[in-house]
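User: Hi! I've just opened this one and would like a quick tour. Could you walk me through it?

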Amino acid sequence: MTTTTETYGVDPSPTPLALLLLGREADPGSERGVECPGDLPAASDPGLVERARRAKAALGERVFILGHHYQRDEVIEFADVTGDSFKLARDAAARPEAEFIVFCGVHFMAESADILTGPAQQVILPDLAAGCSMADMATAEQVAECWDVLTDAGIADVTVPVSYMNSSADIKSFTGRHGGTICTSSNAERALEWAFEQGEKVLFLPDQHLGRNTAVREMGMSLDDCVLYNPHKPNGGLTVEQLRNARMILWRGHCSVHGRFSVDSVNDVRARIPGVTVLVHPECKYEVVSAADMVGSTEYIIKALDAAEPGSKWAIGTELNLVRRLAKAHPDKEIVFLDRAVCFCSTMNRIDLPHLVWTLESLVEGRVPNVITVDAETEKYAKAALDRMLALP
C-alpha cells in the first residue's frame, strides 16, 4: 500500500513553531521578535568567517564578545571569553573600556550583564529570539501572586526567596526587594544555607530540579520537605497546611534540555557502554541525578573531563554543543551524549554566525542593534540580590 499524507493526516511541511524549536526561521506568535534592520547574511555565505574577523578587527577594543558554553562552535571561535552565564557577566563588568558587549547567549544572561556593567556600556544580544524557556516559566505577575498566597498563609515573613541565575531581571529584582539572593548551579547549597539562616522557608525560583536536588541530596532534607508551586493553579495547587509544613517551596519550572534526560537514558547508556561514568547537570530530574555517578555545574563538568584519565568513558547529561566540544577536545576519552536523541538548546542555538556577523558589521557602520536595557528600578533590586550572592563566603 502506498503511504500518503491523506492516509495519516500528517502535513509534511514544518510549521514556523517547529522550525523555531530547531533554531531556524521565526514564529512571530511565540517569540520576542527577530527582525533585523538590514540584510541578514546567508548561512551558506562562504565569506562569513572572514567578514566576522574583519568586523571584529575594525572594532578592536570597543567590542567584547562573550560566548556561553552552549553556543555553536562557529560562534565560540570569535568569543573573547567563554563560560557560564554569571562568569560571562562578571567578565563583561571587568572590561569597562569596551563600549559594546556582544552576548552570545540568551536574554536573561544579557540582562545580567547590563545590570553588572557600567552605564557607558551597551549590551547587545545578536538575536532577540534567543530566550530561555526556564526563565520564561516565572513572570513577575505570577511571582507577585505567589507572594500574596504566602502572605495569606501567614508564612511570607519567614520565607526567603532564592532565585537561580537563569531567571529574568524582573525575578531577580523581586528577589532583591524581598531580602533574597541569587544562586548559580555551583553555589546553590551555600545560597540555601544563607537563606535558612535568615528565615524558616525558601521560595526557590524558577528551576524546581536544582532546588530539590540541592535541598535533598546536598543538605539532607527529605522529599516531603519540598512542595511544588504551580503558578497555573489556584494557590499554586497547594493547601495552606502544605505551605506551612514545607521548608522548600519549589517553583514549577525546568530546563527544556536537562529535563528531557530520564532514568531510561542512564540505564541505556550503561548497557551500551560498560564501565561508563554518567555525569549530569543538577538541572536534571531528581531520579536522574540519583541514578548518575556524578553531578555538577557546567564548569564542574568541564573540569571533571579535563582531569579524567585517558581511556575513561563518559556519558554527559547536558547541552549537546558542549558535549560535542568536550569530545573533540578529549580524543583520548570516550565521551557521549547521555540521550540517544539529539537535543540542542533551541533558543541558544539561534545565535549563529550570520547573526554575529550582522551585529558586528552593524556596529562598524555606526548602528547599535538589539540593545538589552534593564530599567533603573529593576536594576537596583536585582543588583542587591546579586550583591548578596557575591558576599556569600
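**A walk through the model**

Analyst: Happy to! Let's begin at proline 206, which sits in the loop between β7 (201-205) and α10. Keep in mind that this is a predicted model.

User: What is the peptide bond from leucine 205 to proline 206, cis or trans?

Analyst: That bond is cis, with omega near -20°.

User: Which residues make the contact?

Analyst: From α9 you have Ala188, Glu189 and Leu192, and from α10 Leu210, Thr214, Ala215 and Glu218. By class, the residues of this contact divide into 4 nonpolar, 1 polar and 2 charged.

User: Where is glutamate 200, and is it buried or exposed?

Analyst: Glutamate 200 is in the loop between α9 and β7. Its relative accessible area is 53%, so glutamate 200 counts as exposed.

User: What does glutamate 200 touch, leaving aside its neighbours within four places in sequence?

Analyst: With those neighbours set aside, glutamate 200 is in contact with Val158 and Arg247. Arginine 247 is 47 residues away along the chain, but the C-alpha atoms of the pair are separated by 6.8 Å.

User: Which residues is phenylalanine 204 in contact with, beyond its neighbours within four places in sequence?

Analyst: Phenylalanine 204 is in contact with Val162, Cys183, Leu192, Leu210, Gly211, Met248, Ile249, Leu250 and Trp251. Two of those names came up at the helix contact as well: Leu192 of α9 and Leu210 of α10.

User: Where do asparagine 235 and asparagine 370 lie?

Analyst: Asparagine 235 lies in the loop between β8 (226-229) and α11 (240-245). Asparagine 370 is in the loop between α16 (353-364) and β14 (371-372).

User: And is each one buried, partly exposed or exposed?

Analyst: Asparagine 235 is partly exposed, with a relative accessible area of 45%. Asparagine 370 has a value of 15% and is buried.

User: What about α6 and α17, at what angle do they cross?

Analyst: Helix α6 (residues 107-116) and helix α17 (residues 376-390) cross at roughly 90°, with axes that come within 10 Å. They are therefore roughly perpendicular to each other. Asp114, Ile115 and Leu116 in α6 meet Glu379, Ala382, Lys383 and Leu386 in α17. That contact has 4 nonpolar, no polar and 3 charged residues.

User: Last one: how many helices and strands does the chain have, and what share of residues is buried?

Analyst: The chain has 17 helices and 14 strands, and buried residues make up 54% of its 393 residues. Of the contacts with a separation of 6 or more, 66% are between residues 24 or more positions apart. The accessible surface comes to about 17100 Å², and 50% of that belongs to carbon and sulfur atoms.

Methods. Residues are numbered from 1 along each chain as its sequence is written. This is a predicted model: local features need pLDDT of at least 70, side-chain atom pairs count only at pLDDT 80 or more; totals for chains, interfaces and linings use all residues. Side-chain values use heavy atoms; hydrogens and water are left out. Contact means heavy atoms within 4.5 Å. Helices (H or I, at least four residues) and strands (E, at least two) are DSSP runs, numbered from the N terminus. Ala, Val, Leu, Ile, Met, Phe, Trp, Tyr, Cys and Pro count as nonpolar, Asp, Glu, Lys and Arg as charged, and the others, Gly among them, as polar. Buried means under 20% relative accessible area, exposed over 50%, partly exposed in between (1.4 Å probe, protein chains only). Accessible areas come from the Shrake-Rupley method with a 1.4 Å probe; for residues, only the protein chains shown count as cover. Axes are lines fitted to C-alpha atoms, for helices over the stretch in contact, and angles run from 0 to 180 degrees between N-to-C directions. Angles under 35 degrees count as roughly parallel, over 145 as roughly antiparallel, 65 to 115 as roughly perpendicular and the rest as oblique.
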